[in-house]
Amino acid sequence: MSRIKPDSHELEGTLDFLPNDLQRGPEPPAATAVERNSARDAAEAEIIRAKYLHSRLAERDDLARDEALAQLARTNAELERRLAQRTIERDDVARDEAVAELARTNEELERRLAERTLERDDIARDEALSEVARTNAELKLRLAERTIERDGVAKDAASAELTRTNAAQELLRVHTVELEELNAELESFSYTVSHDLRAPVRAVLGYIHAIQEDHSGELSDEGRRLLSVVENEASRMGNLIDDLLAFSRLGRAPMSNALVDMTALAREAMAEYVNVPGHEFAAQAIPVLPSVRGDRTLLRQVWVNLISNAVKYAGKKEAPAVRVWAEVEGSTSTYFVQDNGVGFDMRYATKLFGVFQRLHRIDEFPGTGVGLAIVMRIVKRHGGEVYADARLGEGATFSFTLPSVSAA
Amino acid sequence: MNDYDDVDILLVEDSDSDAEMTQRALKKANIVNRLYWARDGVEALDFIHCRGAFVERDSHHMPKVLLLDLKMPRLDGIDVLRELKSEPETRAIPVVIMTSSNQDRDIEECYRLGVNGYVTKPVQAAAFSEAIASIGLYWLTVNEVQR
């Protein structure tokens, strides 16, 4: 019935607290006068006494049992209490101990945790540091590699560029040398042409002139005609040589750079060439033309060549007309020379500006075919372009552009 | 009297035809002054300095004009010009270059050396005659020479 089951050795000696009468047993009742009267009475008395004793014993047994039970109950309770107390105490101790242990454990754990943390931190830090170091090293390596690569690429590019530049410079130098040599050759060539080719032509013409002056009368009409043909051909050759020389000099002669009054140049050239006997040119006053910066002598040659050409090719028309004007657009001035002459087929326009290129037979229109080539060269040297527009039988318009001079 | 005495025009020219045309043009222009024709630069300098074939020439009589071709065998016109203009005794002799060349470098060099005139011989005969006549008239009749 016990709720607690204490260990048996812990309850040893604990029955001392039971009452003494239960330990010794009850006392029997005292003898009376009745006892001498009769044995039977005695016996009966004995029986009664026995019964009484018996009942007392029974009572006492009951009491004792009850007491014992009560005592047992008390003892049990006490034991339970004490046990509980002890248990509580022990529990307290145990708890305290446990708490202490726990605290110690905690401390230890904390310490170890701290240590471990420190260790771990150290390790982590070391690891982190080494990781950082490794990363750094890697980064440095990659940086170095990339730098080397990039430098390499840059160096390669620079090297390639340098090589290219060097090559270009070398090429340029070679070309310059070649050009100089070519120029020298050309100069030597033109010198030869000017001296050695002109001299015999001059001699031929000189002697023809001498015959015509001093011996014309000795010749028949046919003889004079034949001599005249020889003179014309020799003369043309002389002109070709002179024009060729003039053309070759254009590319090399130094250019002056002055403000040039284009109006005056054009009007002078027009006045010089339009007054062809037997031809009434439509009076075309040349409007004011924009001035340019350049070489006056060369630009005069441009006007002379274009206007004399226009006059030449318009000359055979019933009402020949030459018109000159200019247009300014942005930083470019465009000058026009237009005639209503024979014009030409635009299919041959590309041949126009070549040296000795002609689109007409020499007996139709005289000329060496150098005039427009000279125009082209002069205009190009001034930073401009030359254009031609024409229709066969309906005249031609030549135009050239030059950089405008600012109004200031 | 030798053909080099009292010479007013010293023509230095290696081309027979040019020499002939020059003399003809002068004659046509009624320039009758005496002319000596030297075939190259060496002969021209010998003439001026009265050397070689010209030792007997009167060194006090200098030509009124020297018509000098540029391109000649042996010694060419530039060398003759250089020598004449570098010596005080001959510097005053008028020298006119008569050449086929109209090269800028020749013209520049001649003027640098002190030439008195530079003429490119015209190819066309009439123009050639006119040029010679003008030169002759100017240097022989208009121009005053150093005495």
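User: How many residues does the contact take from chain A and from chain B?
Analyst: It takes 20 residues from chain A and 17 residues from chain B, where two residues are in contact if their C-beta atoms, placed from the backbone, lie within 7 Å. This is a predicted model, in which local features need pLDDT of at least 70 and side-chain atom pairs count only at pLDDT 80 or more, while totals for chains, interfaces and linings use all residues. Residues are numbered from 1 along each chain as its sequence is written, and chains are lettered from A and ligands numbered from 1 in the order in which they are written.

User: What are the helices and strands of chain A?
Analyst: Chain A has seven helices and six strands. Each is a DSSP run (H or I, at least four residues, for helices; E, at least two, for strands), numbered from the N terminus. In order, the elements read α-α-α-α-β-α-β-α-β-β-α-β-β.

User: Why is α3(B) called roughly parallel to α4(B)?
Analyst: Helix α3 (residues 77–86) and helix α4 (residues 104–113) of chain B pack at about 15°, with axes 9 Å apart. Angles under 35 degrees count as roughly parallel, over 145 as roughly antiparallel, 65 to 115 as roughly perpendicular and the rest as oblique. The angle of α3(B) with α4(B) therefore makes the two roughly parallel. Their crossing is left-handed: the near helix is turned anticlockwise from the far one by less than a right angle, clockwise being right-handed. B:I78, B:L81, B:R82 and B:K85 of α3(B) meet B:E109, B:C110 and B:L113 of α4(B).

User: What makes α5(A) oblique to α6(A)?
Analyst: The axes of α5 (residues 262–274) and α6 (residues 296–314) of chain A come within 9 Å and cross at roughly 40°. That angle makes α5(A) oblique to α6(A). Here the crossing is right-handed. Residues making the contact include A:L265, A:A266 and A:A269 of α5(A), and A:W303 and A:I307 of α6(A). By class, 11 are nonpolar, one is polar and one is charged.

User: Why is α2(B) described as largely enclosed by the rest of the structure?
Analyst: Six of the eight residues of α2(B) (residues 41–48) are buried, so the helix counts as largely enclosed. A residue is buried if 20 or more other C-beta atoms, placed from the backbone, lie within 10 Å of its own, exposed if 12 or fewer, and partly exposed in between. The buried residues are B:G41, B:E43, B:A44, B:L45, B:F47 and B:I48. They pack against β1 (9–12), β2 (35–38) and α3 of chain B.

Note on methods: Axes fitted to C-alpha atoms, helices over the stretch in contact; angles between N-to-C directions. Nonpolar A, V, L, I, M, F, W, Y, C, P; charged D, E, K, R; others polar.
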